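Hi there,

Here is the structure I promised to pass on to you. Have a look at it first, and then read my notes below.

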Amino acid sequence: VSDDGERKSISVENTFSKDLASVEACQKEIPELLNDLERRIAKNQAQGLIKGLVVKLKFHDFTQTTIEKSSRAEPSVEAFSNLRLFSVNSGMQGIN
């Protein structure tokens, strides 16, 4: 594996020890994940290079859904919250 190429993405993720049982519980986790993402963006000097936002949710039964939005806007709690709400509204429950 070579790391001398151009970086294509920057991401953060977290697997919770207990499933998050509600939309509100998910919402409470977004700021911490966003802080981690902002640190990685700064470390990689990628400010202003954002081309899209993605939220991937894995559910209690290990199915998953991914929602992506093309946008040049910087990541924000509101942007990720909107994507998360859209993906949760698919009717699945028990997010891990």
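Helix 1 has a kink of about 30 degrees at Ile-30, shortly before the proline Pro-31. The bend at a residue is the angle between axes fitted to the seven residues ending there and the seven starting there. Helices here are DSSP runs of H or I with at least four residues, strands are runs of E with at least two, and both are numbered from the N terminus.

Please keep in mind that this is a predicted model, where local features need pLDDT of at least 70, side-chain atom pairs count only at pLDDT 80 or more, and totals for chains, interfaces and linings use all residues. Residues are numbered from 1 along each chain as its sequence is written, and side-chain values use heavy atoms, leaving out hydrogens and water.

The pLDDT, the predictor's confidence in each residue from 0 to 100, averages 77 over the protein chain. Confidence is highest in helix 1, with a mean of 88, and lowest in helix 2 (residues 77-88), with a mean of 65.

Cys-26, Ile-30, Leu-34, Leu-37 and Ile-41 of helix 1 are buried; buried means under 20% relative accessible area, exposed over 50%, and partly exposed in between (1.4 Å probe, protein chains only).

After helix 1 comes Gln-45, with a positive phi near 50 degrees. Gln-45 sits in the loop between helix 1 and strand 1 (52-58), and is exposed at 64% relative accessible area. Phe-62, not a glycine either, has a positive phi of about 70 degrees. Phe-62 lies in the loop between strand 1 and strand 2 (64-70).

Happy exploring!
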